[in-house]
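Here are some notes for you to read alongside the model. Please keep the structure open as you go through the points.

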Amino acid sequence: MNAARLQSLLNGGNITRWNSPDAANRQATEQRYYTTVLLGCDGRYWVASTPRIARELLAAGYEVAA
């Protein structure tokens with residue numbers, strides 16, 4: 001994945017960012033497509049809107065929140 005694609009993912013509005021892991025887990029389970037909660041580079045919990053976006057972020061080095 002190149003830098004332009006990563007920036008597109010991060011700034012595209014397809015990721016919700018939460019301060020609380022509970023709120024992030026709730027979002028991940030209530031949205032149309034269940035995705036894992038990731039640890040963002042800003043110290044917050046990220047929930048991608050689709051599993052494809054979550055997979056791309058994992059491939060880019062982001063980690064699943066414990």
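1. Let me start with D42, which counts as partly exposed because its relative accessibility is 37%; buried means under 20% relative accessible area, exposed over 50%, and partly exposed in between, with a 1.4 Å probe and protein chains only. Residues are numbered from 1 along each chain as its sequence is written, and side-chain values use heavy atoms, with hydrogens and water left out. This is a predicted model, where local features need pLDDT of at least 70 and side-chain atom pairs count only at pLDDT 80 or more, while totals for chains, interfaces and linings use all residues.

2. The side chain of D42 forms a salt bridge with that of R17 (3.9 Å, N to O); the term stands for a side-chain nitrogen of Lys or Arg within 4 Å of a carboxyl oxygen of Asp or Glu. D42 sits in the loop between β2 and β3 and R17 in strand β1, so the pair ties together parts that are 25 residues apart in sequence. Helices (H or I, at least four residues) and strands (E, at least two) are DSSP runs, numbered from the N terminus. R17 is partly exposed, at 29% relative accessible area. D42 also meets R44 in a salt bridge (4.0 Å, N to O), and R44 is partly exposed at 31%.

3. By this rule there are 4 salt bridges. E56 and R5 make one of them through their side chains (3.0 Å, N to O). With E56 in helix α3 and R5 in helix α1, this pair ties together parts that are 51 residues apart in sequence. R5, R52 and E56 are linked in a salt-bridge network.

4. Is E56 buried or exposed? E56 is buried, at 17% relative accessibility, whereas R5 is partly exposed at 29%. The E56 side chain also makes a polar contact with the side chain of R52 (2.5 Å); such a contact is a pair of N or O atoms within 3.5 Å, and within protein one must be able to donate a hydrogen and the other to accept it, with residues adjacent in sequence counting only if both atoms are side-chain atoms.

5. The sheet is open, with 4 strands in the order β1-β3-β2-β4 and antiparallel pairing; two strands pair if DSSP finds at least two bridges between them. β1 (15-18) and β4 (63-64) are the edge strands, each pairing on one side only. Between β1 and β3 (residues 45-48) there are 4 bridges, and T16 stands opposite V47 in β3.

6. Which residues make up the largest nonpolar core? The 10 residues are L9, L10, I15, L38, W46, A48, I53, A54, L57 and Y62; a core here is a set of buried Ala, Val, Leu, Ile, Met, Phe, Trp, Tyr and Cys residues joined through side-chain atoms within 4.5 Å. α3 gives the largest share of this core, 3 residues. A second, separate core of 5 residues includes A24, V37, V47 and A65.

7. Finally, a look at α2. Its buried residues are A23, A24 and A28, and they lie on the same side of α2 because they cover an arc of only 135 degrees around the axis, taken from the directions from the helix axis to the C-beta atoms. The exposed residues D22, T29 and E30 are on the face turned away from the buried side.
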